[in-house]
Amino acid sequence: MSKNILVLPGDGIGPEIVAEAVKVLEKVNADFQLDISIDEALVGGAAYDAAGDPLPEKTLDKARQADAILFGSIGGPKWDAIERDKRPERGLLRLRSSLGLFANLRPAILFPQLASASTLKPEVVSGLDILIVRELTGGIYFGQPRGIREENGERVGFNTDVYSESEIRRIARVAFELAMARDKRLLSVDKANVLEVTELWKEVVDSMSAEYPDVEVSHMYVDNAAMQLVRAPKQFDVIVTGNLFGDILSDEAAMLTGSIGMLPSASLDENRKGLYEPCHGSAPDIAGQGIANPLATILSLAMLMRYSLERGDVADVIEAAVERVLEQGLRTADIMADGCTPVGTQAMGDAVVAAL
Ligand code: IPM
Ligand code: MG
């Protein structure tokens with residue numbers, strides 16, 4: 001079937017964690033004779049340093065041609081002061097937007113071995129399995145006008161939160177379909193008591209529920225949803241929301257699973273071509289020390305196998321290997337617990353490869 005995967009390591013801990021996921025990729029490629037070719041390109045601050053652009057044309061071309069993209073992380077204090085359009089984050093946003101990756105799937109699953117790694121009580125989080133579906137190419141992240149301008153002798157910053165009905169319907173459809181394949185409960189998160197854009201969001205999601213009579217639809221304001229996520233997270237199955245709320249709630253959900261170092265994600269277009277990345281950032285404070293947790297990236301690779309290559313069997317094998325390594329008591333610093341064995345990034349990656 002010959003598939004091409006583009007690897008974009010990026011900045012900070014990105015190259016370290018992606019290297020471990022690539023080891024896993026090479027192993028399953030050989031074991032399952034997947035006939036995958038791996039290419040690599042620059043993105044983020046690394047691309048800015050080399051080519052003056054966080055998303056060089058060459059990288060975008062390769063991304064367009066690839067069957068799937070495995071992404072590390074971007075950004076760091078080194079690039080905070082450069083011109084806004086050239087900042088690493090803008091490279092990632094342009095990549096998402098150029099490829100039409102509107103559907104961001106962020107599953108927060110608690111591995112039973114990590115129940116005590118969460119800051120929440122084990123009984124609150126044990127058995128947790130929720131899926132956040134975040135709209136990724138619209139809303140306030142991309143709305144125009146935006147900027148910082150002078151007004152009456154001072155600077156004024158402004159952004160625009162905007163969603164069309166078709167954008168809402170498109171992401172809601174993905175969420176309904178995913179809910180159908182799970183526990184058939186869908187929560188739509190909005191701030192419809194204040195923001196018109198989310199009033200429309202709520203209406204459109206509601207109007208679609210007739211097409212999915214088996215799915216139980218509910219709505220929650222984002223402030224309440226944030227509270228419920230730490231109060232009683234197991235009440236949720238699939239959560240669908242806009243770009244900004246999804247960004248925030250998915251970090252919160254990540255902590256329920258013990259560490260943001262465990263949370264993978266898939267960003268899909270209409271044809272299920274996708275970009276796969278850990279939900280955590282580039283963690284410049286620990287970059288280069290060999291201590292970052294590579295599991296979110298390895299689990300992102302599993303999602304890549306499942307969604308873009310339609311190899312759920314390979315995804316299952318990768319996820320089982322991660323679970324086995326946790327069972328063996330191996331832990332990176334972010335998930336370390338009493339009686340476990342501390343390991344670094346490479347040792348964790350090697351252990352997953354060995355457990356495949
Ligand atoms: C994420 C990140 C990005 C976002 C940043 C790095 C632009 O926080 O993927 O959640 O806000 O979408
Ligand atoms: Mg985020």
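How accessible is Lys62, and does it count as buried, partly exposed or exposed? At 22% relative accessibility, Lys62 counts as partly exposed. The points below take up this residue and several others in turn, and they should be read with the reminder that this is a predicted model.

1. Lys62 and its partner. The side chain of Lys62 meets that of Asp39 in a salt bridge, with 3.4 Å from N to O. This pair links distant parts of the chain, since Asp39 belongs to strand β2 whereas Lys62 belongs to helix α3, which covers residues 57-65, and the two are 23 residues apart. Asp39, for its part, is partly exposed, with a relative accessible area of 28%.

2. Asp53 and Arg94. A salt bridge is also formed between Asp53 and Arg94, whose closest N and O atoms are 3.1 Å apart. Here again distant parts of the chain are linked, for Asp53 sits in the loop between α2 (45-51) and α3, while Arg94 sits in helix α4 (residues 88-98), and 41 residues separate them.

3. A pair within one helix. Asp31 and Lys27 both lie in helix α1, where they are four residues apart, or about one turn of the helix. Their side chains meet in a salt bridge of 2.8 Å, taken from N to O. Both residues are partly exposed, as Asp31 has a relative accessible area of 44% and Lys27 stands at 30% relative accessibility. Side chains of opposite charge can pair when their charged atoms come close. Over the whole model, the count comes to 20 salt bridges.

4. A buried charge without a salt bridge. Asp190, found in strand β8 (residues 185-190), deserves a separate remark, because it is buried and yet has no salt bridge, the nearest side chain of opposite charge being that of Lys202 at 5.1 Å, whereas a salt bridge requires the nitrogen and the oxygen to be within 4 Å. The side chain of Asp190 does have a polar atom that lies 2.8 Å from the backbone nitrogen of Ala192.

5. A buried polar residue. Asn104 lies in strand β4, which covers residues 103-109, and it counts as buried, with 0% relative accessibility. The side chain of Asn104 is joined to that of Arg106 by a polar contact of 2.8 Å.

6. A negative patch on the surface. Where do Glu196, Glu199, Glu203 and Asp206 gather? These four residues form a patch of negative charge on the surface. Glu203 has its place in helix α7, which covers residues 196-208, and Asp206 is found in helix α7 as well. Glu203 is exposed, with a relative accessible area of 52%, while Asp206 counts as partly exposed, at 36% relative accessibility. For a sense of distance across the model, Asp206 and Asp85 are 121 residues apart in sequence and 37 Å apart in space, taken from C-alpha to C-alpha.

7. Backbone points to check by eye. Which residue has a positive phi of about 45° although it is not a glycine? That residue is Gln33, which is found in the loop between α1 (14-31) and β2 (36-40) and is exposed, with a relative accessible area of 71%. Lys184 is another residue other than glycine with a positive phi, in this case near 60°; Lys184 lies in the loop between α6 (165-180) and β8 and counts as partly exposed, at 32% relative accessibility. A last point concerns the peptide bond from Gln144 to Pro145, which is cis, with omega near 0°, and Pro145 is found in the loop between β5 (129-135) and β6 (147-151).

Conventions:
Residues numbered from 1 in each chain as written. Chains lettered and ligands numbered in written order. Predicted model: local features only at pLDDT ≥ 70, side-chain atom pairs only at ≥ 80, totals over all residues. Heavy atoms only, no water. Patch = residues over 30% accessible without salt bridge, like charges linked within 9 Å, V, L, I, M, F, W, Y side chains within 5 Å. Areas by Shrake-Rupley, 256 points an atom, 1.4 Å probe, with all protein chains shown as cover. Lys, Arg positive; Asp, Glu negative; His and termini not counted. Charge placed at Lys NZ, Arg CZ, Asp CG, Glu CD. Buried < 20%, exposed > 50% of the residue type's maximum accessible area, 1.4 Å probe, protein only. Polar contact = N/O pair within 3.5 Å; in protein donor to acceptor, adjacent residues only side chain to side chain.
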